[in-house]
Amino acid sequence: MGNLIPAFLKPESASVQAAKVDMIFTGLTLISAGIVALVIGLVVTFAIRFRRGSRANRGELPSLVSSEFEIGWTAATLFVFLFIFWWATSIEIGAYSAPKDAMEVHVVAKQWMWKTQSASGAREINELHVPVGAPVRLILTSQDVIHSFYIPAFRLKRDALPYQQTETWFQATKTGSFHLLCTEFCGTDHSRMLGRVIVMEPQDYARWLSAQPERDGLAELGERLFTARGCSGCHDAGSKVHAPSLAGIWGQAVPLEGNRTATVDEAYLRDSILQPKRDVVVGYEPIMPSYEGLLTDGEIQSLVAYIRLGTDKLDLIQSLSLEPSQNICAPGQSSASPRSPAMVPGAPAQTPRP
Amino acid sequence: MSSGATADATTLANPRELPLELPASYLADGRTLLSWLATTDHKRIAILYAVVITFFFFVGGIAATLVRLELFTPQADLVGSDTYNKLFSLHGIVMVWFFLIPSIPTTMGNFLLPLMIGARDLAFPKLNLVSWYLNLGGGLLTLAAVLAGGIDTGWTFYVPYSTTFSNSFVTLAVLGVLVSGFSTIATGVNFIATVHYLRAPGMTWFRLPLFVWAMYTTSLIFVLATPVLAVTLTLVVAERSFGLPIFDPARGGDPILFQHLFWFYSHPAVYIMVLPAMGVISEVITCYARRRIFGYSFMVYALVAIAMIGFFTWGHHMFTSGMSPYAALVFSFLSFIVAVPSAIKVFNWTATLYRGQIGFESPMLYALGFLGLFTVGGLTGLFLASVPIDVHVQDTYFVVAHFHYIMVGASVSAYFAGLHFWWPKITGRMYPEAWARFAAILMFFGFNLTFFPQFIAGYLGMPRRYHVYPPEFQVWNVLSSAGAAVLAAAYLMPLGYLTWSVFFGSRAPNDPWNASGLEWRTTSPPPRQNFFGNPEVLAQPYNYHPESTPPIKDQPRVPSQGSLT
């Protein structure tokens, strides 16, 4: 039945659920088209036949056309509506719980990016690689406001709530790259909070997975240095010192004093560590001391690698390794997620992107 | 009261009660600014409301035009992200709370409710004036928020974005909505009391015109639902401005609680917008089809049923928020049930046309347009009531298209139908019919061109509130923006020719449409006291021709006598 809608009117269908949703969507469209045709057909017919001054017979109404008629179409409407309800519900109930062997993927949303981590340890930003044909269970949460995780090709949507976990699942049926969109309004760059879901053949997925960096790499070392050398004292999101948060800053353009901008890359970070007073981000005092001679080149590289990965990405592992049933907002737990940098009072305004 | 046709229809009122000496019309009863701003005349207050909501309609319309212009291309070319977010929030807040909710009840409801039941004014005329000032005050507060820099939360004010994260003027705008909510509650109380206590002799409950029933059921929702909005918004202000932990999850609150409270009001609010429209359409279709309404009592029960069941369906706005799947099924079921009485009304309006004497004056064109658009809007509601489809299209343009079909396609069409239908009674002037018909037809096509492509864009997966969007959606957005240009032209036309008619239109007769309601049994425009003498109701409403008699006398429509003003 899903084939009745022409292809250009249909989003790509790439999951088990998508085929079912398309079927009921088509069915409902046909029923609705029938009802619209009936109503408009009757209105137009009556309007022409009984236009003012026409010769149509306007005698007494047949006695049938009375409350019996009314009860009749009330019952018919009720029956049709209940049928649609039953049909939609039966599809929905079948798709409630994920299969037990489903692959687990944790999703953390924040203004304005998606961070994903699969149980195998692969961490990604704004991307999610999954093997085709395998059921995937998503466990979602948010670090700031409500977001909504939407993959049109899978007909899948679930809100990501702060301090709470929600769950959903899918099973991809087609390889390829599919849109991942945020559908709950979340502030300035809501419409740029985009990502991709990349569905791969199982062997490709295995190859991709083995190429992912191990946790104990450069960045891991950088994370330790970030704390040990005092960077986190000022640059952590929760810090009281007025310093820019470094979360998600890699590759961004930052505004500098004197109407200049700089792109955050290896060279800029290196300069900022060694000559912090040279290129100060607008809105901040030049209070950072130079680390010239205090860090080796290798240490600087590790720090850059850590910042490149996103400073808060590693912190996240702790909150992600919770049991899915456990509510992270349970009282007494202090895994309070940091606010998005733009929303920390006193933080500089978000750089508008071109 | 001389012509045969009018005499036929005056079985509603007692013709002996109409004396010959005529007092001045309500418009001539005082000409100073103070005589307007301090009036307690329900008719003048209706005009005051009309001025305010027309202003807000165009404020919201300008915001919508800018939004549609921006969406013409997938990139950001006209405004930045924050400005875009403020524009659609402004459009939503203004159109919902300062145009749609007050639109029909405070203008036509205010003007016609006492006239239709044979009363001299509303039950509490001073409270009525207070309502207008509250509405105006709320509107000005919200405008102040816009002028101060705007608000970017969308009209839904979802927490924790609105309470903790938004850097815009949320508190001011929320206070504006809160204040206007009290205006709505006061209007509801006023209408309920009026219908209960001020009906003319002989005007029994089942002789009330359906417009009065619509006002009555709407008022029940006003009184029962709006306090919940007031509480919710107060909590938002308390959290945002005074730091009280209520919805903030970081301090043990629950943002989903806000959504439950908000939609407990805002879903019935949809019926606040559409029930009055249903009332207007019942009056217009019967008049231009020259028929009694088909199944009067079913129409009444349907209004009451929609108002009641409408209170129990709010959860269908939250299917993707992670609510219990069983709760989702209950809300899905109730959402299907509430669609039944709406369908009954569509069938009854259609059946009313059967064996009529159908004329195609502009109010009827709007009403016929309403039938088509409301049917499409209502049926797409069934898609959204089905949980699996809703999961896909929730917060996409499919939803945007659906609620615009109901709120603009149906409610605004009905507003214009009613405005044209009662314009001669309200102003005492006739408008240029050819212009009015042209605007009605243009509005219908402009509307469909604007909003039908949005169903497709939404099903293809375009999320709402997107400033920039993936390029594959552009074709649907271009169609929609083109339609919006047509629609904007169509909305400007009535502003022009209706204003023209106030100064240059020909004098309206008392009953230009040969209609049956009690409001036509007085002069156009009516005097301060509404009626000459005491009206008395002798028959059922819509006494065009009874179902048992062939409408022979009714066929050639005799032009009524000139105005009595």
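These are my notes, entry by entry, on a predicted model.

**Entry 1: chain B as a whole**

I began with the secondary structure of chain B and found 16 helices and zero strands. Next I asked how much of chain B is buried: 67% of its 565 residues count as such. I then looked at contacts in chain B between residues at least 6 apart in sequence, and 83% of these join residues at least 24 apart. For the accessible surface of chain B I noted about 17600 Å², with carbon and sulfur atoms holding 72% of that.

**Entry 2: a nonpolar patch**

Which residues make the nonpolar surface patch of about 360 Å²? I wrote down Ile62(B), Leu66(B), Leu69(B) and Leu78(B). I placed Leu69(B) in helix α3 of chain B, which covers residues 42-70.

**Entry 3: the annotated spans of chain A**

I turned to the UniProt record, an unreviewed entry, which gives the feature "transmembrane region" at residues 23-48 and 69-88 of chain A. I checked both spans against the model. Residues 23-48 of chain A are 100% helix and 0% strand, and 37 Å separates the end C-alpha atoms. Residues 69-88 of chain A are also 100% helix and 0% strand, with the end C-alpha atoms 29 Å apart.

**Entry 4: where the two chains meet**

How many residues does each chain bring to the contact? I noted 92 residues from chain B and 81 residues from chain A. The area buried between chain B and chain A is about 7600 Å², and carbon and sulfur atoms give 70% of it. On the chain B side, Phe165(B), Arg355(B) and Tyr459(B) lose the most area to chain A, together 11% of what that side buries.

**Entry 5: salt bridges**

I found 18 salt bridges over all chains. Arg52(A) sits in the loop between α1 (16-49) and α2 (67-94) of chain A, and Glu361(B) in the loop between α11 (325-353) and α12 (362-385) of chain B, so this pair joins two chains. The side chains of Arg52(A) and Glu361(B) come to 3.2 Å, N to O. Between chain B and chain A the count is one salt bridge.

Are the two partners buried or exposed, or in between? Arg52(A) is partly exposed, at a relative accessible area of 28%. Glu361(B) is buried, because its 10% relative accessible area falls under the 20% cut-off.

Arg528(B) is partly exposed, with a relative accessible area of 23%, whereas Asp41(B) is buried at 2%.

Asp511(B) and Arg521(B) lie 10 residues apart, each in the segment after α16 of chain B. I noted both Asp511(B) and Arg521(B) as buried. Over in chain A, salt bridges that share partners join Arg260(A), Asp271(A), Arg278(A) and Asp279(A) into one network.

I picked Arg270(A), found in helix α6 (residues 266-274) of chain A. Arg270(A) counts as partly exposed, at 30% relative accessibility. Setting aside residues up to four places away in sequence, Arg270(A) touches Asp297(A) and Ile300(A). I also took a C-alpha to C-alpha distance from Arg270(A) to Tyr291(A): 10.0 Å in space, for 21 residues in sequence.

My last stop was Gln17(A), in helix α1 of chain A. Gln17(A) is at 19% relative accessibility and counts as buried, because buried means under 20%. What does Gln17(A) contact beyond its neighbours within four places in sequence? I listed Ile91(A), Glu92(A), Ala95(A) and Phe154(A) from chain A, along with Pro388(B) from chain B.

Conventions: Residues numbered from 1 in each chain as written. Chains lettered and ligands numbered in written order. Predicted model: local features only at pLDDT ≥ 70, side-chain atom pairs only at ≥ 80, totals over all residues. Heavy atoms only, no water. Helix = DSSP H or I, 4+ residues; strand = E, 2+ residues; numbered from the N terminus. Buried < 20%, exposed > 50% of the residue type's maximum accessible area, 1.4 Å probe, protein only. Contact = heavy atoms within 4.5 Å. Areas by Shrake-Rupley, 256 points an atom, 1.4 Å probe, with all protein chains shown as cover. Patch = residues over 30% accessible without salt bridge, like charges linked within 9 Å, V, L, I, M, F, W, Y side chains within 5 Å. Salt bridge = Lys/Arg side-chain N within 4 Å of Asp/Glu carboxyl O. UniProt positions renumbered as here; feature names shortened; annotations may be inferred. Buried area = accessible area lost by both parts, 1.4 Å probe.
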